Amino acid sequence: QQLRTSFRTETTTYTATIFDEVILADATVGAFTITLPTAASAKGKVLTIKATSVAGGNVTIDGNGAELIDGAATVVISTLNRSYVIACDGTGWQILSST
């Protein structure tokens with residue numbers, strides 16, 4: 001049986017959904033923001049976001065509304081191929097790993 005993971009590539013501002021699993025962020029033409037789903041709707045969700053290009057600017061990961069990511073409003077990816085694995089605890093998002 002083959003495993004299936006939802007991959008998507010984004011090149012502009014995007015609001016992640018609870019169905020996303022891996023988001024490849026290509027900022028070749030400019031900086032943009034990926035907004036996370038609301039924590040109330042995503043409890044237990046694990047999401048990986050990787051910058052496949054930062055040539056045009058940074059990729060910002062933003063909590064939904066006032067929700068936080070490890071205590072911060074945003075996480076900025078400014079390095080090529082940097083990735084974050086984050087998980088939702090029902091009230092915010094926790095960084096599980098960063099490479």
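In which strand is S83 found? S83 sits in strand 8, which covers residues 83-88. The model is predicted. The protein has nine strands and zero helices.

**Overall fold**
- From the N terminus on, the element order is β-β-β-β-β-β-β-β-β.
- The radius of gyration is 13 Å, close to the 13 Å that the globule rule gives for 99 residues, so the protein is as compact as a globular protein of that length.
- Along the principal axes, the C-alpha atoms fill a box of roughly 40 × 35 × 20 Å.
- Among contacts with a separation of 6 or more, 54% join residues 24 or more positions apart.

**Surface and charge**
- Of the 99 residues, 38% count as buried.
- The accessible surface comes to about 5300 Å². Carbon and sulfur atoms account for 52% of that surface.
- There are 6 positive and 8 negative side chains. The centres of these two sets lie 7 Å apart.

- S83 has 12% relative accessibility. The cut-off for buried is under 20%, so S83 counts as buried.
- The side chain of S83 makes a polar contact of 2.7 Å with the side chain of T99.
- Beyond its neighbours within four places in sequence, S83 is in contact with I49, K50, S97, S98 and T99.

**D20, in a loop**
- D20 lies in the loop between strand 2 (14-15) and strand 3 (22-26).
- D20 counts as buried, at 3% relative accessibility.
- A polar atom of the D20 side chain lies 2.9 Å from the backbone nitrogen of T17.
- Leaving out neighbours within four places in sequence, the contacts of D20 are S6, R8, Y14, K45 and L47.
- D20 and N58 are 38 residues apart along the chain. Their C-alpha atoms are separated by 21 Å.

**G44, in another loop**
- G44 is placed in the loop between strand 4 (32-35) and strand 5 (46-53).
- The relative accessible area of G44 is 58%. Exposed means over 50%, so G44 is exposed.
- G44 and C88 are 44 residues apart along the chain. Their C-alpha atoms are separated by 5.4 Å.

Notes. Residues are numbered from 1 along each chain as its sequence is written. This is a predicted model: local features need pLDDT of at least 70, side-chain atom pairs count only at pLDDT 80 or more; totals for chains, interfaces and linings use all residues. Side-chain values use heavy atoms; hydrogens and water are left out. Helices (H or I, at least four residues) and strands (E, at least two) are DSSP runs, numbered from the N terminus. The radius of gyration is taken over C-alpha atoms; the globule rule is 2.2 Å times the number of residues to the power 0.38. Buried means under 20% relative accessible area, exposed over 50%, partly exposed in between (1.4 Å probe, protein chains only). Contact means heavy atoms within 4.5 Å. Accessible areas come from the Shrake-Rupley method with a 1.4 Å probe; for residues, only the protein chains shown count as cover. Lys and Arg count as positive and Asp and Glu as negative; His and the chain ends are not counted. The place of a charge is taken as NZ of Lys, CZ of Arg, CG of Asp or CD of Glu. A polar contact is a pair of N or O atoms within 3.5 Å; within protein, one must be able to donate a hydrogen and the other to accept it, and residues adjacent in sequence count only if both atoms are side-chain atoms.
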